[in-house]
Amino acid sequence: MISRRSFVAAAAATVAMPAHAFQVDPIFRPQTVTIKKDLEPGQLLILPRAHFLYFVEAPGQARRYGVGVGKAGLEFTGVAKIGAKKEWPTWRPTNEMIERDPHLYGKFIDNDYVQPGGPGNPLGSRALYLFQNGRDTFFRIHGTTAPRSIGRSVSNGCIRMLNDHVADLYDRVPLGSTVTVL
């Protein structure tokens, strides 16, 4: 749960941003697009090479969002279900992430520390947890503290979205929705 103090600090920081703050390329802003009519409404389709996530709203119509995706060799592919959804989620890197980059994740070595949710948490404001066969895959669709990563392949495998965009998606997607990553 985010504290009032963290919320007020984040809101103040947002208001204090200069006029030249980062703006995502317009192609990566949410927009309604046409899509193949055979895709089921309610499903998510992610095209990592194009850096787009599609939420199918109706036959032939989808909401498209720009995303950041996993680096080569770390990306998720396949079919999963949304098994959990969390607002301001907590976070801990996987053991594999810690092993790959112990310098970056040093504060997580040899302990059970979990970073609390809030504006500085790498998972951002919302997270949708991908499950296969009822088990957590440890891959997420989540917000980000690195907006410049949208449209790039830089993550440890998760699908990143701008916080406003993932909050919009979070409200639209029910638990159990199918996610296909090609």
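Analyst: A salt bridge here needs a side-chain nitrogen of Lys or Arg within 4 Å of a carboxyl oxygen of Asp or Glu. Keep in mind that this is a predicted model.

User: Which side chain of opposite charge is nearest to Arg-64, and how far away is it?

Analyst: Arg-64 sits in strand β4. It is buried, yet it has no salt bridge. The nearest side chain of opposite charge lies 8.5 Å away, and that is Asp-25.

User: Which backbone oxygen lies 3.4 Å from a polar atom of the Arg-64 side chain?

Analyst: Beyond four places in sequence, Arg-64 touches residues including Phe-52, Tyr-54 and Ile-27. The backbone oxygen at 3.4 Å from a polar atom of its side chain belongs to Ile-27.

User: Which element gives the largest share of the largest nonpolar core?

Analyst: That core has 21 residues, and Leu-53, Met-161 and Leu-169 are among those touching the most other members. Elements that each supply at least two residues include β3, β6 and α3. The largest share is 3 residues, from α3.

User: Where is Asp-110 found, and is it buried or exposed?

Analyst: Most residues other than glycine have a negative phi. Asp-110 has a positive phi of about 60°, although it is not a glycine. It is found in the loop between α2 and β7. Its relative accessibility is 78%, so Asp-110 counts as exposed.

User: What is the relative accessibility of Phe-138?

Analyst: Phe-138 lies in strand β8. It too is not a glycine, and its phi is positive, about 70°. Phe-138 counts as exposed because its relative accessibility is 53%.

How values were computed:
Residues are numbered from 1 along each chain as its sequence is written. This is a predicted model: local features need pLDDT of at least 70, side-chain atom pairs count only at pLDDT 80 or more; totals for chains, interfaces and linings use all residues. Side-chain values use heavy atoms; hydrogens and water are left out. Helices (H or I, at least four residues) and strands (E, at least two) are DSSP runs, numbered from the N terminus. Buried means under 20% relative accessible area, exposed over 50%, partly exposed in between (1.4 Å probe, protein chains only). Lys and Arg count as positive and Asp and Glu as negative; His and the chain ends are not counted. A polar contact is a pair of N or O atoms within 3.5 Å; within protein, one must be able to donate a hydrogen and the other to accept it, and residues adjacent in sequence count only if both atoms are side-chain atoms. Contact means heavy atoms within 4.5 Å. A nonpolar core is a set of buried Ala, Val, Leu, Ile, Met, Phe, Trp, Tyr and Cys residues joined through side-chain atoms within 4.5 Å.
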